[in-house]
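Colleague: I am new to this structure and would be grateful for a close look at a single part of it, the surroundings of the ligand. Please continue from there to whatever else deserves a description.

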Amino acid sequence: MSRIMVKGKPFLSLGGQSHNSSSYVLDNMGPTWHSIKAIGGNTLATPVPWDAFEPEEGQFNRKFVTDLIDEARHQDLKLAFLWFATWKNGSSQYVPAWVKGNRERFQRCLLKDGTPIHQLSAHCPANMEADRKAYAELIRTIRDYDSEEQTVIAVQVENEAGIQGGTRRDFSPYGEAAYHAAVPAELIDYCKDNPNCILAGVWKKNGEREGADWAETFGYYGAEAVTAYAIARYIDDVCAAGKEIYPDLFMYLNVWLDGGSRGKGQNLAGIDWPSGCATSRNLDIYYATLKAIDTVAPDNYQTTHFRHKEVTDTYAHPEKGFPLYVPESAKFGINMGQMFYALAEKKAIGYHIFGSETALMPDLKTLNPMGIQTMHNFRMLRDAAPLIFEYQDRDRIWSAVQEEKEESVVVDGFDGDILMKVCFIGNDGDWTKTDYPHRNEEAVPPDPTLLPEPGRALIFQESEKVFYFVGHNATVTIEKRPPVDGSIPAVYADYTLLHVNMDSYSTTQGHFDEDGKFVVDIVRSGDESRHGVWLRYDTGVVRVKLV
Ligand code: DGJ
């Protein structure tokens, strides 16, 4: 599935993931539901832990699932379930006691010296069989209870799968056998079909071997490669059992990231990220192996624009059948700008923040400064939601994101002779150039505890003459590209003159009705329009018509 679907229509999931322990006791979830509503999300992502769902072998606690669905309906929210089973943060904490206690049947990963670690072995068939049975039961429960209403929109299969245990591979007899077996042909075929991919690079460097074992084929990387392959197969087999039951439900896996082009720590799998997780280096193995999973989704908490964007770019591959979905991210700061980049430039299909409850003040009612920033984004995105997928498909959506202390950026590529300069307030923007409700608000000095929030905007082009905007702390000036003959008209000496000198235009604020028709709520004129298209999170969608 290239998008999350609800009743046959693509659904833009904007939401929050609860903290890990929240869903065990439904009665304690008041602040959890409230936090999603307060940030303006439409989806709560919350765990269904294997140990809660199948406390005894073959005895399934379906009520755990159906109670959550009932409450979500009552709250008018959608749900994404997180299947915490064989893997959670590269460990096996959430497997039931009847699995943990039976080490003979459910084998653990072994270190080289034979010491067992907490993690179940991905190479042991009994582990996968038990997980798969439980997962199938979970999906059957969801289908039987919810396929009509479709409150549950997605399921995350496992969590940050990999070995976070101080080893790059499993030295158990099963693990040893896998490591010394020939690398499956599907990986070699993938290297041949994708000669420029990372995996193909390692394969070529090691002599383009076929039918050889993992060390011979991939050298040093072979130890992590065999782990990645086993985990990808395992998760995909678990997922396939669910897809057979409820094919229309979106299923994805999430990723504990490596350091990408910057590296991280000692750059050691098993220490700096769970070995075998679908990191940038292992992604080719996952893409070559996964058949049932809908996408591989990064937990993007990166703190620099460069890395944030690099992660977005790495995991956005709709052309290979793996669209960008961000299941976890920070509630504030650069993520607020980069979320716009992901939606506009990389066609993200959904975006969630992590730890929704900690968007609230200690009173568990009002939003704290982080939550306020998330709320700003979700308000804009929900206002623009009727446009987002259509304009992604038409390639007529752009983002302008303030990185570091940038004063402005130029957006190019529109149909017609148009360029746009997007200024970010606080730099060369001016607080007086909005309307009086915003001027009154902005005349109050900002709360010093507020974390820096980047200026950002989304721009949609309907036609050569009609544009829609949402944004915050940004002002757009629409300009005509200067003449081809090399002359520069005098108005270009001052960019503020450009906007007023555009062919006449109308600027309005509004919303989309149920039929997708733009309804004008406020007309901007004179002072409110002549200084450019100023954007704040609470103005709804701004439409500009050039005449
Ligand atoms: C990533 C995991 O997927 C989440 O469950 C949670 O543990 C967060 N990290 C934050 O700790």
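Modeller: In this predicted model, the side chain of Asn254 places an N or O atom 3.4 Å from an oxygen atom of the ligand. The side chain of Asp299 likewise has an N or O atom 3.5 Å from a ligand oxygen, and for Asn20 the distance from a polar side-chain atom to an oxygen atom of the ligand is 3.1 Å. The ligand on its own exposes 290 Å², of which the protein buries 75%. Asn20, Asn254 and Asp299 belong to a shell that also includes Gln17, Lys88, Asn89, Asn159, Glu160, Tyr301, Glu328 and Phe354.

Aromatic residues are the next topic. The structure contains 22 aromatic pairs. In one of them, the ring centres of Phe53 and Phe60 lie 5.5 Å apart and the planes meet at 40°, so this pair counts as tilted.

Another tilted pair is formed by Phe467 and Phe469, with 6.4 Å between the centres and 35° between the planes. Phe467 has a relative accessible area of 0% and is therefore buried. Phe469 is buried as well, because its relative accessibility is 0%.

The charged end of Arg281 sits over the ring of Tyr221, at 4.9 Å from the ring centre. Arg394 is placed over the face of Tyr391, and here the distance to the ring centre is 4.5 Å.

Asn377 is located in helix 14, which covers residues 369-393. With a relative accessible area of 0%, Asn377 is classed as buried. The side chain of Asn377 makes a polar contact of 2.5 Å with the side chain of Arg456.

Technical notes:
Residues are numbered from 1 along each chain as its sequence is written. This is a predicted model: local features need pLDDT of at least 70, side-chain atom pairs count only at pLDDT 80 or more; totals for chains, interfaces and linings use all residues. Side-chain values use heavy atoms; hydrogens and water are left out. A residue is near a molecule or strand if one of its heavy atoms lies within 4 Å of it. A polar contact is a pair of N or O atoms within 3.5 Å; within protein, one must be able to donate a hydrogen and the other to accept it, and residues adjacent in sequence count only if both atoms are side-chain atoms. Accessible areas come from the Shrake-Rupley method with a 1.4 Å probe; for residues, only the protein chains shown count as cover. Rings of Phe, Tyr and Trp (its six-membered ring) pair if their centres lie within 6.5 Å; planes under 30 degrees apart count as stacked, over 60 as edge-to-face and the rest as tilted. Buried means under 20% relative accessible area, exposed over 50%, partly exposed in between (1.4 Å probe, protein chains only). A charge sits over a ring if NZ of Lys or CZ of Arg is within 6 Å of the ring centre and within 35 degrees of the ring normal. Helices (H or I, at least four residues) and strands (E, at least two) are DSSP runs, numbered from the N terminus.
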